[in-house]
Structures are given as C-alpha cells and as structure tokens.
Amino acid sequence: MHAYPRWKIWLILITLVLSVMASLPNVTSVPSWWPSSLSKPMNLGLDLKGGIHLVVDVDVDVAVAHNVEEEVSTVRSILRQHKIRYKKLDAKGHSILLTLKNSSDHEKALALLKDALPKYSVEGQGGSFVFTVTEAEAKEIKHNAVEQSIEVIRQRIDALGTTEPVIARQGERRILVEIPGFNDSAAAKALIGRTAVLEFKLVDEKGDLDQALQGNIPPGDIIVYGKEEIRNGKPFKQPYLLKKRTELSGSLVADARVSIDSRYNEHAVTLKFNSKGARTFDRLTKAHVGERFAIILEGEVNSAPVIRERISGGSAQITGSFTASEAHNLAIVLRAGALPAPVKIVEERSIGPSLGQDSIDEGFNSIIIGSIMVLIFMLIYYKLFGLVANIALIFNMLLIVAVMSMIGATLTLPGMAGIVLTIGMAVDANVLIFERIREELNIGKTPLAAIDSGYAKAFSTIVDANITTLIAAIVLFQFGTGPVKGFAVTLSVGIIASMFTAIMVTRAIIALTTENRGRIKKLSI
Amino acid sequence: MQLINPNSKIDFLGKRKIALGISAFMLFISLIALVPSIRGLNFGIDFTGGSLVEVQFKQAPNIADIREAISPAGYGHAIIQTFGSPEEIIIRVQNKGNSDSSSVSTAILSALKNKFGDQQIDMRRVEFVGPQVGEELTKAGISAVGIAMLAILVYVTFRFELRFALGADAALLHDVMIVLGVFALLGKEFSLPVVAAILAVIGYSLNDTIVVFDRIRENLAANSKLKNPLDEVDVCNASVNQTLSRTLMTSFTTLLVVFALFFLGGEVIHGFAFALLVGIGVGTYSSIFIASPIMLSLAGRFRSSDEELAEMDARP
C-alpha cells in the first residue's frame, strides 16, 4: 500500500477543526474573536420553538377592481370639466364602460380619455367606449398590492413586539407570516385579517331613509349598515343613508392611540390626522355643523356623531364599547394603514411552546438512542473496523450540525428524523466497504491488498446509491413546505457529509494505523 | 462477527415465482384496500383541508364533555380523539362552505377555555388548511413522487441500462404501493410527512437495489470475458448472494434507528416513522426478490422450464 497522501490528511484535519468551531455556537456562546461565519447556531423551525405560521392569500383582483373604480372618478371629472355629457359610466371587472349622450362628442372624448388613461386599452365607436386595463398594468397593480400588504402586515406584526417575525412573499399572491415564540393564534389572525379600511362620509340628512330602503336611493347616495346588535331579542343592523363620496380616509391618519372616552369611561381610539387630513377635517366640520358624520370601519358604520362645532385640531375619536384589547388592536391596524385588498388566511400551522419543547426532547432522544445502538452494533460486528466507522459516524454528525449552522438552514422535527435516518444510511457506506474487504480476504488476498480493492470496488457503488437517494431528497426539497423541507435539507446534507466521512475519513484512519507496521497478518474486521 | 454465510448460495431467482406470487398478492390486497369505497386512504387535513386543534389538559377529560363544550359553537360533528396520552386531545373539523374557516380553531379554543377554564388547557398545535391549499398539496405530493421516479429512471438508465432502470422503478412502485396499502388497511392518517417518508423510502429502496445491480453489472462484465460464460440468471443469483450480507446489515442498522424514531420520536412523527418502517422492510425484500427478476425478464433471460419447452416442441 502506498503512503496515504498528506494533503488528504490535512483536508480532513481542517474540516474537523472547522466543524468543531462551527458546531460550538449551538452548545455554548463563543468569544468575540470567533470567525463570524462560524458563530451562528442552527435555526430552529417553528415546529420546535413554537410560534405562529400563517399563509395569507391576497385577493389581488379586488385591488385591480379598486383601481378601475378610482379611474372611473377620473373619467367622470374630465367629462364634467369639458362639459361632455354621458348616459352611462360604470366599472365592470377590469374595464370601464362609458356611453356618451351625443355620439358627436366621440372623437373629443376619445382624445381626452386616451391621455388620461395611458395604461388602458380602448375599444369603441359611436359614443360608446370600453376601457380595459392592460395585462401589464393589471400585473403591476397585483404585484404592488401584495408588496403593500406585506408592508402593512409587517407593521402590524411589529407592533406585537415579538422577535424576528418573518413576513415574505410566497408565490404570486400569497404572503408567508411566521411569528416565532408567539402562541396567541387568535390575536395574530385577527390582526392580519383586518382590512382596516377607514372612511368618513357625510350622512344625507335630507334624504328619506325609509324610501331608500324601499329601493329609491337618491342619486349619489348609498346605504351602509351599522354593526349587528340585538334589539328586542332579534339581530338588527342599523341602516344609514350616506353620501357616496368619501370625505376622508384612513390613509390620512398619522397616528392612532388607545384612549378613554371620558363620557362613558370606555376604551376608545383617538386618531390624529396628518396635515392634509387635518385641513380637510377642519374645512368639513366647518361647512357641516349640525349634520352627522359617519365613521365607517371595514364597511360597517362604527358611529355617526353630530358635528357640534368646527374641529381644527386634526383629531377624532372612534368609540364603540371596545374592550381594552379590541381598542389596542384597532389602534395597531389603523396606525399601520389599510390593506390594499382583502386578505384571507389559507393555511395555518401554529405550535404551542410546550409541544415544541417536547418535540426537541423526543427528537434528540431518538437521535442519541438510535446512534448508540448503531455504534454498539458496528463495534460488535466489525470490531476495530467498526470502531473506525464509529469515529467517522460521530464526525459525520458533527459535520451535519456544522454545515446546517453555516448555511443558516432550519432544523425541524422531520429534519431531526432526517438526521436519524442519515445515521442509519451513513454506516451503509462502511458496511459496503467492510463487506467487500471481507470478500477480498475470503478469496485469499493479503490484508492490505484487500483493504485497497475493498475501497476501490465499493466506491462506485456508494456514489451511485447515494446519488439516487439525493435525487429523491432534492425532489422533496422542491415540493415540500416548512418542516418537510427541513427533512430534505438534513437528508441531503447528511448524505453528502457521509460520503466524505465514510470513505475519506475511515480510509485515512486505516491508512495511518497500518502504515508503519510492516506486514499485517490479520485484520480486526 | 459474521451472521450471514459469505458463501451462501441461495437460489433467489429460482424462487422468483414464489416471490412474485407473494408480491402480486400483497399488491392485490393493497390495491383493493386503496379503493375509496372499500377502505381508501385516511387523508389528513393536509390534503382534505380543514382545521385541527391539539390541546393538552391538566387532567384527562371526558370526550363527551369536550363535544358538549364545542357543540354550541357549531362543531358538534367534530372528530375528537386522544393523541398519545389521555390528556392529549385532537379535534378535527372539515372545511365548510365558504365561511372563514381560519377562525374555526379560535372558536374551538375559546369554547374549551370557557368550559374547562383557562388554566386547565394548553394549546399544543393549531393547523388549518384551506380547501385550495389542500388541493395544491395533493397535486404537489403526487407530482413529487412521479418526478422522483422519473428522475431515478433517467439516472439509472444513464448509469446502467434501461432494463436495470425499469427493474428498479418496478421495485419502487411495488414498495410505494404496499406502503400505501398498509396505510389504507390500518386506517392510519395519511399526511404530508408521510409523503416525505415515502420519498425517503424511494431513495432508500433504490439505494438497496442499486447496490445489487452494481454487483450484477460488475459480475456480468467479468463473466463476458470468460471462455464459457455463465448464464445471466446464475450471475444475478451469485450477485444477490454476494451482496446479501450488506443488504441485510444496512437494513438492520437503518431499522435500528427508525425503531428509535418510532418509539421515542413522539406522536407528531409517528406516522412518518411508521411509513419508513414499513417502507424499509418492503424495500429490502424487493431489492432481493423483485428488482433482479424483473430486470432479467424484461431482457427475456429466463430459460423456459422443461415442460414449456416440450410444449413448444409439440406445436406444429
């Protein structure tokens, strides 16, 4: 047998030292001079440390529809400005439908509106138009809606004061929200799911509510209902006849804080408008003293107080028999602003802290017990060679922990199962080699020649066998989510690490221990 | 120490008819069990969609009391089971229509807290899978298993020959079907981690098969250089025997750790560990008894029996 190449020994030693250094942050804190790339402990998955995992779906089509509706007002004001009269002006899905009174205005209107709506395609003749949002623009609106929603949700979650929440886009219209160490799933969902659309509209004091409820809604008005309450033992919603026009919206709110309503000694939320909002509010209250002003929260009239006097301070109060936490949550969502589109929670996987800890303990126990059994078995079955394989196995586990820590991978419960499985499979390479050496000895080769050809012949088998397992692990990584992905990660890392330890490390140990001993008569295998 | 005789000369391929018979029987039972109207797989909420709430009580509660507590909220039809220990309770509810189902768990938890008191219960786990997500996960699961098999077929064809690849995939399909069949027969919950376990079984079973095939390839190459080459069937038999000790040793060490996982890993990954346990058992069997015969019969390498030859001679 030739002398074992020194560079391989150095490579193994350096890997060993780096592995120990990179694994250390998982057990103890490291000094400040420790290389920063080796100072990170493994991330624990939510299923191990407990926390909230939510997938939120953003209804992006609504964002596009909102956009189209806004453009309808643009069209309306342009037509008014140029005294072009129309019969019909409506939003329908991604389109604006417009019919003019006089088809002679067609060319004039077309020229004006084409300029005003550059991101719409237009079709039409004889005074009828259909403006449709272009594909590219619709995509852009949808994209922005998700981005904005991420921002809004981030601000709301940050207000919870938890550490390291993850809020990230997932696919085209979904948002992943992870809040480690937080287990009030109901509160988190309530906070995320609210659109928090806040609008101020004037009550139409002259309109006839009863007539409107019959279906004769005065032009420019809408009916909005209040919160459901129980009246005379039956559920009841108070209807309000309001002006369609939104005078003020939540986007002009600069701050929202929980306050105590002095009259009823109840929790309330005090809004502070920004300068533009304050000016509008001032002008509005001045012009409409004595009228009612409806505060509409998420499509329901929250209250409709009478404007007693001009309010110039730029603040308003929302009351409504809130509990302390309701008021607190409302203040948070109003501060963070409204979501650009409604959201829906489509998936939740939340783990309580006690289950997380139990999983850590159980996963850890199975790794320890499983490896002890394998170590004992290998030692009995392959004697000294088994011992060598065991050293490689321990090195392998160290390497898995080190690599997982360095690449910032997340350890999950299935991930721990992956480590357990890797232990079983890592010794496979050694079993293959040792069985081959035994065979070579049986056909009468000398011990050193048997070792040489054992390693040589087993090598391609090991590579083939491991690559196929790796294929399965990679497919799993592609398709899996969360914890399952963690299994694919540890399995892949484990397979690759095992190729290094089971082949190179055992070979080096065997080479170094047999090198200077002249003729070896018998192997302890 | 050596448990398996290194010079074993078991005629595995000669017993292929028995083995194929056993496999055909197991596959038949599995297929029958997988028919939804007969038994079918017990899909978890990962695939059906729905809500799951796991709570731990200080004292073992009465299932009837729990049902009573959540009935007013409209969940009287929920599936309520103990999970591992009598204090640990799992409540499962299917998705219903278009209502905002993510609030189901909240309603259940608050109903339980009202009835038993805040101190009595500890929220362990809340899962909710919307109907759309359930559908997506089902598709992803099926395509993952499909893609894995296809990728393996390509790799093995590239490294060996097509007949080896087909033999390996046949063995894989065999293993996957039987694991699924066992899950259907025992009514064990089929969840996302179980799919992960099945993919691991695919990787493992293949690993086993590849080792045998590798030896067959090596021996066939040596055989073709001989003056009087042996029959391929005999070469295969010898190869399976030569690798037998390794196949069994590796399965044994892997089963050791999977047993540790099964008994100590906790209730959450019980199904996962169970799938591995069954899969590794079946995978070991199939790489010895199924993969090689199929590989050979695809190449038409089995000699016909004397009777069959006589019959053929008798034909005009």
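**Close-ups of a two-chain predicted model**

**View 1. Two domains of chain B.** The centres of domain 1 and domain 2 of chain B, taken over C-alpha atoms, lie 40 Å apart. Domain 1 covers 16-42 + 134-306 and domain 2 covers 50-129 (the bounds come from an automatic or database domain assignment). A quick note for every view: this is a predicted model, where local features need pLDDT of at least 70, side-chain atom pairs count only at pLDDT 80 or more, and totals for chains, interfaces and linings use all residues. Residues are numbered from 1 along each chain as its sequence is written, while chains are lettered from A and ligands numbered from 1 in the order in which they are written.

**View 2. An open sheet in chain A.** Here are 4 strands in the order β3-β4-β6-β5 (chain A), paired antiparallel. Strands are DSSP runs of E with at least two residues, helices are runs of H or I with at least four, and both are numbered from the N terminus; two strands pair if DSSP finds at least two bridges between them. At the edges sit β3 (86-92) and β5 (120-125) of chain A, each pairing on one side only. Neighbouring strands are turned by 15° against each other on average, direction ignored (axes are lines fitted to C-alpha atoms, for helices over the stretch in contact, with angles from 0 to 180 degrees between N-to-C directions). Zoom in on β4 (residues 95-100) and β6 (residues 128-133) of chain A, and you'll find 5 bridges joining the antiparallel pair. A:T99 stands opposite A:S128 of β6(A).

View 3. Helix α10 (residues 353-406) of chain A packs on helix α8 (residues 232-264) of chain B at about 155°, axes 8 Å apart. α10(A) and α8(B) are therefore roughly antiparallel (that label takes angles over 145 degrees). Among the residues making the contact are A:I369, A:M373 and A:F377 from α10(A), and B:L256, B:V257 and B:L261 from α8(B). Contact means C-beta atoms, placed from the backbone, within 7 Å.

View 4. Chain A puts in 60 residues and chain B 58. On the side of chain A that touches chain B, α11(A) gives the largest share, 16 residues.

**View 5. Strands meeting between chains.** β18 of chain A spans 343-351. 5 bridges join β18(A) to β5 (residues 121-129) of chain B, and the two run antiparallel. A:E347 stands opposite B:V129 in β5(B).

Key
Parallel < 35°, antiparallel > 145°, perpendicular 65-115°, else oblique. Contact = placed C-beta atoms within 7 Å.
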